[in-house]
Amino acid sequence: MAFRRVTPEAAAKEAALAAGQAEVMAEWHAGVASDLLKLAEAHANANATLAAVAKWRADQEKRRQRWCSAALMLIGSGDDPDAVCAGLGLGRTALQQAVRTGGPVLSSFADLLYMPRPKRKKEAA
Amino acid sequence: MARYRRPTPSNVTASREIQEQILRRIAELSATATAALKSAANPEIDVVTRRGHLAAARTAEKQIDDATIELAAAVVLGGGRAADVAARSGISTATLTRRMPAYLRALRGEHLVQDADAPYGWKPAGSVSRGSDQAFCGGQGHCDLNSSGSRSASRSPRQ
């Protein structure tokens with residue numbers, strides 16, 4: 001098992017968050033794609049095209065993190081982790097790594113992961 | 001024989017047309033992604049349905065990623081230098097040259113004609129005859145390549 005199983009109450013709470021995240025991502029998508037869409041209506045010149053491409057490609061890392069948190073929210077709302085990883089094209093290990101190193105937003109999903117048990121000294125008999 | 005990589009006049013026309021074509025495709029993909037994300041934002045649906053919507057949006061975004069590289073390749077076809085296009089588009093030169101469609105790359109320097117069956121709607125005229133430093137168009141219609149400008153034989157420095 002890669003991720004902990006979630007309780008139904010936590011899953012319901014997370015599902016609401018996942019819906020909100022999808023809304024945010026829709027707005028963000030509209031923002032970065034706006035120049036490309038404008039050019040599709042009325043094409044200007046090559047420089048405008050390249051500028052629109054640059055706008056789309058800016059901040060790739062942030063975009064990946066958003067998709068990671070969307071995936072983690074799905075897993076948190078009780079979906080099958082393997083199906084989520086396959087559907088969104090994110091590696092399971094990469095997703096776990098993102099939780100460990102991905103900054104404050106992603107590390108809030110740390111309770112989905114199994115943590116190594118702390119070492120214990122053998123008790124003297 | 002080495003290929004002429006200087007863009008021909010029909011390369012410039014084709015570049016513009018192909019850019020418009022790819023931009024239209026991007027607009028469609030973007031509409032798909034937006035619709036999928038909006039459906040995923042509905043709080044009433046269950047997780048499996050939401051996963052389906054998000055997967056559709058993610059696929060569309062990845063396809064837009066690929067299409068932007070084709071878009072940059074279309075600019076290269078119209079005479080942009082790879083280094084210049086890379087700097088303006090934010091795609092690194094290595095990524096751009098490695099991932100640009102081989103078909104588009106091969107079109108540069110060729111005289112092109114429109115063909116609905118060819119990829120991107122353009123194909124090499126296939127009847128170009130070349131001098132030692134010139135490319136001449138063998139097409140039937142009027143072509144800038146043969147008539148005037150710095151590529152014309154009448155202005156060749158040897159005469």
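**Entry 1: chain B overall**

I began with the contacts inside chain B. Among those with a separation of 6 or more, 56% are between residues 24 or more positions apart. I note here that this is a predicted model.

Next I looked up the secondary structure. Chain B has six helices and four strands. I read the elements from the N terminus as α-α-α-α-α-β-β-β-β-α.

Then I checked burial. Chain B has 159 residues, and 35% of them are buried.

**Entry 2: chain A overall**

I turned to chain A. I found six helices and zero strands there. The order from the N terminus is α-α-α-α-α-α. How spread out is chain A? Its radius of gyration is 20 Å, while the globule rule gives 14 Å for 125 residues. The value is well over the rule, so chain A is more spread out than a compact globule.

I also took the spans of the C-alpha trace. Along the principal axes they are about 80 × 30 × 25 Å. Buried residues are 31% of the 125 in chain A. For contacts between residues at least 6 apart in sequence, 59% join residues at least 24 apart.

**Entry 3: where the chains touch**

I looked at the two chains together. On the chain B side, 35 residues are in contact with 37 residues of chain A. Which helices of chain B supply at least two residues each to this side? I found α1 (9-40), α2 (47-77) and α3 (82-89) among the elements that do. The most comes from α2(B), with 13 residues.

I sorted the touching side of chain B by class. It holds 18 nonpolar, nine polar and eight charged residues.

**Entry 4: α3(B) and its two partners**

I followed α3(B) next. Its axis and that of α2(B) come within 10 Å and cross at roughly 140°. Angles over 145 degrees would count as roughly antiparallel. The angle here makes α2(B) oblique to α3(B). The crossing is right-handed.

I listed the residues that meet. From α2(B) they are A72(B), V75(B) and V76(B). From α3(B) they are A82(B), V85(B) and S89(B). This contact has five nonpolar residues, one polar and no charged ones.

The other partner I checked belongs to chain A. Helix α2 of chain A covers residues 46-57. Its axis and that of α3(B) come within 7 Å and cross at roughly 50°. The two helices are therefore oblique to each other.

Which residues meet in this pair? N47(A), L50(A), A51(A), V53(A) and A54(A) of α2(A) meet V85(B), R88(B) and S89(B) of α3(B). By class I have five nonpolar, two polar and one charged residues.

I picked R58(B), which lies in helix α2 of chain B. Is R58(B) buried or exposed? I found 21 other C-beta atoms within 10 Å, and a residue is buried at 20 or more. So R58(B) is buried.

I looked up its contacts, leaving out residues up to four places away in sequence. R58(B) touches W67(A), L88(A) and G89(A). I also checked L37(B), 21 residues away along the chain from R58(B). Their C-alpha atoms are separated by 9.1 Å.

R5(B) sits in the segment before α1 of chain B. It has 11 other C-beta atoms within 10 Å, so it is exposed. The cut-off for exposed is 12 or fewer.

Beyond neighbours within four places in sequence, R5(B) is in contact with R108(B) and G109(B). R5(B) and R108(B) are 103 residues apart along the chain, yet their C-alpha atoms are separated by 5.8 Å.

**Entry 5: positive phi**

I ended with backbone angles. Most residues other than glycine have a negative phi.

In D59(A), phi is near 60°, a positive value. D59(A) lies in the loop between α2 and α3 (60-76) of chain A. With 13 C-beta neighbours inside 10 Å, D59(A) is partly exposed.

In Y120(B), phi is near 65°, also positive. Y120(B) lies in the loop between β1 (112-114) and β2 (122-124) of chain B. I counted 21 C-beta neighbours inside 10 Å, so Y120(B) is buried.

Conventions. Residues are numbered from 1 along each chain as its sequence is written. Chains are lettered from A and ligands numbered from 1 in the order in which they are written. This is a predicted model: local features need pLDDT of at least 70, side-chain atom pairs count only at pLDDT 80 or more; totals for chains, interfaces and linings use all residues. Two residues are in contact if their C-beta atoms, placed from the backbone, lie within 7 Å. Ala, Val, Leu, Ile, Met, Phe, Trp, Tyr, Cys and Pro count as nonpolar, Asp, Glu, Lys and Arg as charged, and the others, Gly among them, as polar. The radius of gyration is taken over C-alpha atoms; the globule rule is 2.2 Å times the number of residues to the power 0.38. Axes are lines fitted to C-alpha atoms, for helices over the stretch in contact, and angles run from 0 to 180 degrees between N-to-C directions. Angles under 35 degrees count as roughly parallel, over 145 as roughly antiparallel, 65 to 115 as roughly perpendicular and the rest as oblique. A crossing is left-handed if the near helix is turned anticlockwise from the far one by less than a right angle, and right-handed if clockwise.
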